[in-house]
Amino acid sequence: MFSYSFYGSVISAVENVTDLGVIFNNRMSYTNHCLYVARKAYARANLILRCFFYTDRNFLLRLYLIYVRPLLEYNSSVWSPHTNNDISIIERVQEYFSKRLIGMESLTYDERLVALKLPSLSCRRNRSDLILLYKIMHNLIDTSLSKLFQLHSSVSVSNIVTRGHSLKLYEPKPRINIFKFSFQCRVVKLWNNLPNHVCTAVSLSLFKHLLVDDFCV
């Protein structure tokens, strides 16, 4: 509870901060962000359902994918939830919208995902994490791999098939939950479990295509 000052002016202590559109509190919790984006997504989803009376569910689904889902996924690699409550807050938006579509009322959420060919939002966040790591790994964004991750040097070309792929990363050993559930930590296991032909894809577009086929259908 130390008071900090800047050029003689005391800086007010706050519990929540918004940085680049992401809300977090002084305990590095993103629950308030999950609640905020969920409310915003519900409002937009209800607007679509009230304004369009089409029976074509594919048309309404397309509107959802364009105008609602991006609200729930913006910068998710930063705030991706790990508690059941926060995960549910986000996922319930898609559960709600999918159940309002024609012919989906009597199906369970999992059945609706299959019928609509939709991945869960949790799966989508994992996919987003992997895409970001691929970009870092292949210098497609201005972020140094060595500052965030360490390549597993014990994996060699001769044992890729039995022990993993050639771009395997060391799994960190976190001591606190803030790090344990951060992008830098949680994405490593996902990445290491991918098949070699996915991780070594020669382009980002091919990597995304292979993720659709092998990881997140």
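Reply: Before we start, buried is used here for under 20% relative accessible area and exposed for over 50%, with partly exposed in between (1.4 Å probe, protein chains only). This is a predicted model, in which local features need pLDDT of at least 70 and side-chain atom pairs count only at pLDDT 80 or more, while totals for chains, interfaces and linings use all residues. Residues are numbered from 1 along each chain as its sequence is written, and side-chain values use heavy atoms, with hydrogens and water left out.

Me: OK, how many salt bridges does the structure hold?

Reply: There are two, where a salt bridge is a side-chain nitrogen of Lys or Arg within 4 Å of a carboxyl oxygen of Asp or Glu.

Me: Which residue does Arg-186 meet in a salt bridge?

Reply: The side chain of Arg-186 meets that of Asp-129, at 2.7 Å from N to O. Arg-186 lies in helix H11 (residues 183–192) and Asp-129 in helix H7, so the pair ties together parts that are 57 residues apart in sequence. Helices (H or I, at least four residues) and strands (E, at least two) are DSSP runs, numbered from the N terminus.

Me: And are Arg-186 and Asp-129 buried or exposed?

Reply: Arg-186 is buried, with a relative accessible area of 19%, and Asp-129 is buried as well, at 0%.

Me: What about the pair with Arg-124?

Reply: Arg-124 and Glu-73 meet through their side chains in a salt bridge of 2.8 Å, N to O. This pair links distant parts of the chain, with Arg-124 in helix H7 (residues 121–137) and Glu-73 in helix H3 (residues 69–73), 51 residues apart. Arg-124 is partly exposed at 22% relative accessible area, whereas Glu-73 is buried at 18%.

Me: Switching topic, where is Asn-75 placed, and what is its phi?

Reply: Asn-75 sits in the loop between H3 and helix H4 (76–79), and its phi is positive, about 60 degrees, although Asn-75 is not a glycine. Most residues other than glycine have a negative phi.

Me: And Asn-139, exposed or buried?

Reply: Asn-139 counts as exposed, at 64% relative accessibility. Asn-139 is in the loop between H7 and helix H8 (145–148), and has a positive phi of about 55 degrees.

Me: Last one, how do E3 and E4 run?

Reply: Strands E3 (residues 16–19) and E4 (residues 22–25) run antiparallel, joined by four bridges; two strands pair if DSSP finds at least two bridges between them. They form a hairpin with two residues between them, and Leu-20 in the turn has a positive phi of about 50 degrees.
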